[in-house]
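Visitor: I would like to learn how to read a model like this one, feature by feature. Where do we begin?

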Amino acid sequence: MFQDYQTDGFFDEMFPKEGGPAFPHYRQVEEVIGGFTREKFLEKRAQTESAFLEQGVTFTVYGENNQGTERIFPFDLIPRVIPADEWQVIEDGLTQRIIALNLFLNDIYHDAKIIKDGVIPEDVVKTAAHYSPLMEGFEVPRDIYMHICGSDLIRDDQGKYLVLEDNGRCPSGASYVLENREAMKRAFPKLYQSLGVRPVANYPSLLRKTLEHLSPRQTGVPVAVLLTPGIYNSAYFEHSFLARAMGIEIVEGRDLIASDGYVYMRTTSGLVQVDVIYRRIDDDFIDPLAFRKDSLLGVPGIMDAYLKGNVVLANAVGTGVADDKVTYAYVPDMIKYYLDQDPILENVPTYLAWREKDRQHILGNLKELVVKSANESGGYGMLMGPTSSKKEREEFAAKIKANPRDFVAQPVVSLSRHPTVCGEGIEGRHVDLRPYVLYGEDIEIIPGGLTRVALNKGSLVVNSSQGGGSKDTWVL
Amino acid sequence: MELKVYHRTEYRYSAPAKDSVNEVKLTPRDSKSQKCSSSIVSVIPAARPKPYLDLYGNRSHHIELPESHDRFVVEARIRIHTAPGLRVEDYPYGVEMSGLKVLSGREDCHPFLQSSPYIDVNPGIWREAVDMMSESSDVFQTCYAIMEHIFKEYDYKPGATAVTTHANEVIKRKVGVCQDFAHAMVALCRSLNIPARYVSGYFFDSTRDHRLRGSEATHAWVEVFVEGYGWIGLDPTNNKVVDDTYIVLAVGRDYTDVSPVSGSYFGGGTSTLIVHVAVRRVDVPLAVL
């Protein structure tokens, strides 16, 4: 299967040299998968795909005409393998990072010392779309703001891991990690067992533990619920999957009522007081009394209960300011400022359009850069310089000039590639990695995470909403 | 063994405190028995912990909070590898008590032979120690006998003593917690000219019924110096020679030198202290699910 594989000069996850043997940690994968005939392998793939479809492992792509389409999440059968020593660096780096981000949130919603000391300009913080003045002075339970974080990592042409962005609001994708693992165990049971891959199946129980740790009532079993925007949301599959796996109720806004500073869930046997809400709804929509008045998804009065300390929201309100793409550029400074340590994982170099000098550089080099909107996620509102048309670049230039605070740009990092089944053969495709960090009493990172792969040839965009697929990630 | 520690110390003040200056010792030292792979100390309200090494080589941080605040939280997260403990046949027996005299001239032993704030080296304690060692003339055997004596004869009773209880009182009343037992043992060893130091750290209770003491908070034990071997840890609270379930945070003459968080501030009214420690093993191979 791998005879004709070409690395094309990119850093390849599996093969250090074109035509040479695989990295030692990939040897068994090379042996087993390389031993398949093409027909047999495609047959295996067809089986896996039909299993996904039957189980409804799907997501929704939002089109321009607002008609959502449900699709199965494309899955690649060649696993990504990460050796233990590499994983340890990722774990240490992400632990350091989430601690710094939490200290940052704590700081800016209290004394804002990092601003007073001139490390981060006040403008950056206070003008961030997700800065929440309601949170000023509020002491969040256990001092934790970002309970669940999904940071996207990429590898450059030397194989060095870099942080591309932090998703500190409602990162999605964890359910695919679990489903992918099930699929791989069925497809390659022997290979999986013989490698000693670290399991991920305990993610739901760790997540539940993380949530229960926050409960304001420490007697009995805390009542935790998952609050979803509903069945039309692109990640609804994940919401129902996680709720079921954790053994907690999945609710929509209309299933909850806030009264006298407490939140209750309507059940067939009356109202039940809720302690912790794992909410998969953005801040803006969570409470029409406090935020967007037109929101039908939220629960009126829920913020009041939250600020009185009677119910906990995970993640906290206002965490979006820490995963803002401008704030991102300052994370290495935060680590230095709060922890007096050097970042273990580095950032991708980032230009900030609101800085005069950076803006000139961005506007002059649009063709070489990736431009991102500061507060968007999921690959929306993005310009890929090298593949963009002149018209797109002109549009973006105008947007940047009109609203410099909202844009950042990064050089195109030639993401590492991984052998991927494409059409009839195996070709290199660009990948990233989203590990999931849980911040409860312990900081837990499930070994692996979602390896996303850009299935279109040459594409660097791995988002599921933009034609990306995924792989199982095996940490040894 | 690979272990993870989460240690949170929180002070809440009834009135605003300010000009707070603190010293924390929450970063394990590296030695032949342990290697720390990552360690993070963080503070709320925001303050940068500045690292330095103290007199005894402990990795310490200096933290200042000049502005007014009503709470102060220090958190430490540690990940560490510990080496397997000594096998019984490798215990450093065979060093004669008669050879101890020369040690007081050594710079690394001298401070651990003297009296210190919580420890008095006096004839009364010496008499107690001599009774415990019975006929032994072997350094390690003597230390082991003292540890065993404390474990068997002293009452482990939380609340019976305070953080400021002196070793003299512990030896007289034969009651206390790990800090007191360690102070008593250090005093008894020193009175016999055996260099002994006080150790603070964590302890992972690997027994199935969690019958050992001290794993729910910071623990304290003793290290004695045995010529030719070096410092060896003995835990009088659990009657154990220190093994890979122990993590050394800091060593010193007594509690004064190693207290995990210490400092001073102005104002504050009355303060409430909440401490939480969790030690977890991370390298247990999980069953493949």
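Guide: We begin with B:Asp19, which has 13 C-beta neighbours inside 10 Å and therefore counts as partly exposed. Bear in mind that this is a predicted model.

Visitor: What value does phi take in B:Asp19?

Guide: Phi there is near 45°, a positive value in a residue other than glycine. As for its place, B:Asp19 belongs to strand 1 of chain B, residues 2-27.

Visitor: Where does A:Asp260 lie, and is A:Asp260 buried or exposed?

Guide: A:Asp260 sits in the loop between strand 8 (256-259) and strand 9 (262-267) of chain A. Phi of A:Asp260 is near 55°, again positive in a residue other than glycine. The residue counts as exposed because 10 other C-beta atoms lie within 10 Å, and the cut-off for exposed is 12 or fewer.

Visitor: What should I look for in the peptide bonds?

Guide: Look at omega. The bond that joins A:Ala314 and A:Asn315 is cis, with omega about -5°. A:Asn315 is found in the loop between strand 12 (312-314) and helix 12 (325-328) of chain A. In chain B, the peptide bond from B:Ile44 to B:Pro45 is cis, and omega is near -5°. B:Pro45 is placed in the loop between strand 2 (34-44) and strand 3 (50-53) of chain B.

Visitor: How do I read a helix?

Guide: Start with the general geometry. An α-helix has 3.6 residues a turn, so residues three or four places apart point the same way. Then compare the span with the expected value. Helix 2 of chain A, residues 38-55, has 18 residues and reaches 26 Å from its first C-alpha to its last, close to the 26 Å expected at 1.5 Å a residue. Just after helix 2 of chain A comes A:Gly56, with a positive phi of about 70°.

Visitor: How many residues of helix 9 of chain A are buried?

Guide: In helix 9 of chain A (residues 236-246), 8 of the 11 residues are buried, and the helix is mostly covered. Among the buried residues are A:Tyr236, A:Phe237, A:Phe241 and A:Leu242, and the list also includes A:Glu238 and A:His239. Just after helix 9, A:Gly247 has a positive phi of about 75°.

Visitor: What is the general idea behind a core?

Guide: In soluble globular proteins, nonpolar side chains tend to be buried together. Here the largest nonpolar core has 193 residues, and those with the most contacts inside it are A:Ala100, A:Ile277, B:Met185, B:Cys189 and B:Val222. Helix 3 of chain A (residues 84-108) gives the most to this core, with 10 residues.

Visitor: Which residues is A:Ala100 in contact with, leaving aside its neighbours within four places in sequence?

Guide: The partners of A:Ala100 are A:Val331, A:Met334, A:Ile335, A:Tyr338 and A:Leu339. A second, separate core has 15 residues, including A:Phe15, A:Val29, A:Ile78 and A:Ile426.

Visitor: How is chain A divided into domains?

Guide: Domain 1 of chain A takes in 96-149 + 201-339, and domain 2 takes in 349-411. Their C-alpha centres lie 30 Å apart. In the contact between them, 8 residues of domain 1 of chain A meet 7 residues of domain 2 of chain A. The domain 1 side has 4 nonpolar, 2 polar and 2 charged residues.

Visitor: And how is chain B divided?

Guide: Chain B has domain 1 (2-82 + 259-281) and domain 2 (89-257), with 25 Å between their centres, taken over C-alpha atoms. The contact takes 18 residues from domain 1 of chain B and 17 residues from domain 2 of chain B. On the domain 1 side, the elements that give two or more residues are strand 1, strand 5 and strand 14 of chain B. By class, that side has 10 nonpolar, 5 polar and 3 charged residues.

Visitor: How many residues of chain B are in contact with chain A?

Guide: The contact joins 19 residues of chain B to 22 residues of chain A. On the chain B side, two or more residues each come from strand 2, strand 3, strand 5 (69-82) and strand 14 (271-281). Strand 2 of chain B gives the most, with 4 residues. The side of chain B that touches chain A has 12 nonpolar, 2 polar and 5 charged residues.

Key: Residues numbered from 1 in each chain as written. Chains lettered and ligands numbered in written order. Predicted model: local features only at pLDDT ≥ 70, side-chain atom pairs only at ≥ 80, totals over all residues. Expected span 1.5 Å × (residues − 1). Buried ≥ 20, exposed ≤ 12 C-beta atoms within 10 Å, placed from the backbone. Core = buried A, V, L, I, M, F, W, Y, C linked by C-beta atoms within 7 Å. Contact = placed C-beta atoms within 7 Å. Domains from an automatic or database assignment. Nonpolar A, V, L, I, M, F, W, Y, C, P; charged D, E, K, R; others polar.
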